[in-house]
Amino acid sequence: MEAMVKKNQQKFRKVRDEMNRWDDLQSRLISLFNNASSIIQRLQLLQHSKNYASLNSLVGIGDALLTKQMESLELILLSLKRTMEEFHGIVFSIEKIHRDTRQQIKGGSNHPSAKQLRQRVGIKPSLDDCLDGLMLLYDMHHSEYLLKASVVLALSALTLKPSASDLCALQQLLVDQPNIPKEEGGNLDQMADSWDGSSEIGSQSDESFHFERVHLEPIYDAFVCPLTKQVMCDPVTLENGQTFEREAIEKWFKECRESGRKMVCPLTLKELKSTDLNPSIALRNTIEEWTARNEAVQLDLARRSLNLGSSETEILHALKYVEHICQKSRSNKHIARSAGLIPLIVDMLKSSSRRVRCKALESLRIVVEEDAENKEMLAEGDIVRTIVKFLSHELSKEREEAVSLLYELSKSETLCEKIGSVNGAILILVGMTSSKSENLLTVEKADKTLENLEKCVNNVRQMAENGRLQPLLTQILEGPPETKLSMAAYLGELVLNNDVKVVVANTVGSSLINIMRSGTIQSREAALKALIQISSYEASAKVLIEAGILPPLVKDLFTVGSNQLPMRLKEVSATILANVVNSGYDFDSILVGSDNQTLVSEDIVHNLLHLISNTGPAIECKLLQVLVGLTTSKTTVLNVVGAIKSSGATISLVQFIEAPQKDLRVASIKLLQNLSPLMGQELADALRGSVGQLSSLIKVISENIGITEEQAAAVGLLADLPERDLGLTRQMLDEGAFQMIISRVARIRQGETRGTRFVTPFLEGLVRVLARVTFVLADEPDCIALCRENNLAALFIEMLQTNGLDNVQMVSATALENLSLESKNLTKLPELPPTGFCGSIFPCFSKPPTISGLCKLHRGTCSMRESFCLLEGQAVEKLVALLDHTNEKVVEAALAALSTLLDDGVDIEQGVTVLCEAEGIKPILDVLLEKRTDNLRRRAVWVVERILRTDDIAYEVSGDPNVSTALVDAFQHGDYRTRQIAERALKHVDKIPNFSGIFPNMG
């Protein structure tokens, strides 16, 4: 034992050294933190040039100072990180010392007994006290380390958005540290220095904790067994009259037999004729009476010590004695209860001493073990609530003792309900089961406590609410009918995260579907409400589909008569169907009715449309969402479109645009948007011929409430309608739609409406709708006037540079193509000055008139605003830049716009010159060489043929075998028109003989 004590002395000195190092690190941490705070505040000032005063004359002074300060801050933050690593090392060291000491003392082969662990010599601490002290030191240092780490992390975050008040608060938080009381260091000194090994552990220098040897009445020699030296419990007498403890003498006789010795008396060593043992009843009764008197007196002394005015030592002594007598005999627990000790022990939970509180929790656990009446006493008043509070205490020992006590109490069904009724109890226990910071014993006890608490239905609900769903799911699967019903109903009220929804769907999805199929109206309602929750996530919705949810859902919706669901439950069914349909599953292969019908069968869609027309707004909205889901997939949209056309429901669906309910409007607009690629003309006719629907769409788009899903869907619907529908465009002009759209585009480009997830689709839709006016310029003078008035050519040119928005770039290029095609019709041709008198008589002596400032491409007066000239608008370079875009559609639109420079009706030679000046020839040839799509090749061949009409370029290109190969490939594999153009291009580069000059024109 002396060696063990010396080893522990060294460990405690090591802990004391670590605590001294902790104080040094604290000083260093505060210094580093102050320096970092100063730099962060200084950085704020350095970011504003006005703070430099006369230094502003020095070029780059601001950047230089900022860079230097940032370098200094980075070094300080690195030092802070290293300091925190040293703090963590100290915490780890103390924890390791505690673990090693505990293993050495309690886990070794020669570990001391429980009594030896509690043995004290004078004021010197016991081994138990030392272990507790080490654990307390670890808890304190670990908690303080976590706080320091949080402060340092918060400081790093403040470098991005500093706040003087926050920096001051964090600084004060560090200065107020450490939170480790100095008396703990004094206790450590006592642990390290007091033990000198002069007293053997287990000696009788302090008998106050050795209850078996503490007797208030004198002990009689006859009470003590000669073998054990302890007071006997079951005295027996040999034939020679000697008395022993039964267990001890039986062991003696057994050893004699096993060793082959004679049966002799242990005291006299004389051989015995018989080994019969005669119970000494009188002596046993006397001992029992003597023991009872001593225990009663000691119990009374313990009761008197159990008050908050007693010293810590007295209270701990009393609590240990109560534990001793309760462990000695179950009947003593009744005595403890009768003596009124339980309320006194409960009062000790209010002690300021951590050791007293921990020991009180432990004592209560021992007192109530396997004693229902004692447990019932703890059910009174706020005792359980007090115990629960210890679950959230900082020190792990208190949490461990509290959860062990609650586990014991939870074995009582009455107390299960009591524990569950304490606000936060189940939440804390659930948190402990998933905690990585608690020790395994605490986690295990918390889990077992929750298992016991599952006996109460209300507790099961609370567990589900706090993330422990399995008990509730088990009740749905295995519970009695009433419990199944209530648990399913409660499941529908919970808010589940997506991962949990998948687990729930896999666990009880089939059971809920079965209830929905064949249960009573009440049970079906509970199942349906639970299924709403589960079906709201794509992955869990797919699980339900595979479990067979679609047939009963469709049946519930379409069934009429005595077996039909109430309308409120049909609404729930419609909601679930909308959820599962929007999961992206392949619904054209899932049977939902007789005659091999699927959700997209004509009859089923007709029934859905009929329900939409004959139910209330809530169900109408959900059923429209079902159709939205079915029309989102390319594999099912054709079936739905066919059914809508055959039922003549187009007008009815369009009318929902004017519905007062926002959700209903959004669903209808999204559905019409999905239908527009296949029913564009029908929808355009319906909107153009109706009163109010088009105005409603425009009104939705114009609302200045941010950008909503409804607005994005509304503008997307208008964008998908046929762009060359002149009647629709004229009606939109009359409604002022284009003027409003121009305003919305400008606001978005100015950054006034950022941060919503619908900005991109909304902007794309606006640009597509605005581009409509460029498709009807030849037929609608008002559209030309609109373009001129708002300088739309400039707007579309600017939007060519909206990188990352491919659709905006593509539509802008297409709009510029349309505008450029109209340029040749809008260019003002010059008026030549009249010829003079002499010139008219002698033309040879007159010079042709010259006019400056004409567009070399259109040979007239051009401008970007009035005639939409790409050259005047400096759009050519921007369009050329788009030829290198990764999106083929953007490239195709840009190339189409550039091709207008080479179109009939313009000076093609000048157009080629413009492309050369914009360095566009090579990118155009690259598009031809890449052969990304047939459309691109067709367009590129056309443009290249026009370019090759210029002899210099044709001569240069003729030496490039790649271009020739690409043209030959187009000549061989293109369509008829492309082959013709490729043939002409090959003639330009002399790859095909040109016979036009040899053979006469045959007509």
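**Aromatic pairs**

Reply: Start with Phe587: its relative accessible area is 3%, so this residue is buried. Buried means under 20% relative accessible area, exposed means over 50%, and partly exposed lies in between (1.4 Å probe, protein chains only).

A word on the model. It is predicted, so local features need pLDDT of at least 70 and side-chain atom pairs pLDDT 80 or more, while totals for chains, interfaces and linings use all residues. Numbering runs from 1 along each chain as its sequence is written, and side-chain values use heavy atoms, without hydrogens or water.

Now the pairs. Searching the whole structure turns up three aromatic pairs. One of them joins Phe223 and Trp290: ring centres 5.4 Å apart and planes at 65 degrees make it edge-to-face. This pair links distant parts of the chain, 67 residues apart. Phe223 sits in the loop between α6 (182–193) and β1 (235–237), and Trp290 sits in helix α8 (residues 281–305). Helices (H or I, at least four residues) and strands (E, at least two) are DSSP runs, numbered from the N terminus.

Phe223 is buried, at 5% relative accessibility. Trp290 is buried too, at 2%.

Next, Phe587 and its partner Tyr585. Their ring centres are 6.0 Å apart and the planes meet at 50 degrees, so this pair is tilted. Tyr585 has 25% relative accessibility and therefore counts as partly exposed.

What makes a pair? Rings of Phe, Tyr and Trp (its six-membered ring) must have centres within 6.5 Å. Planes under 30 degrees apart are stacked, over 60 edge-to-face, and the rest tilted.
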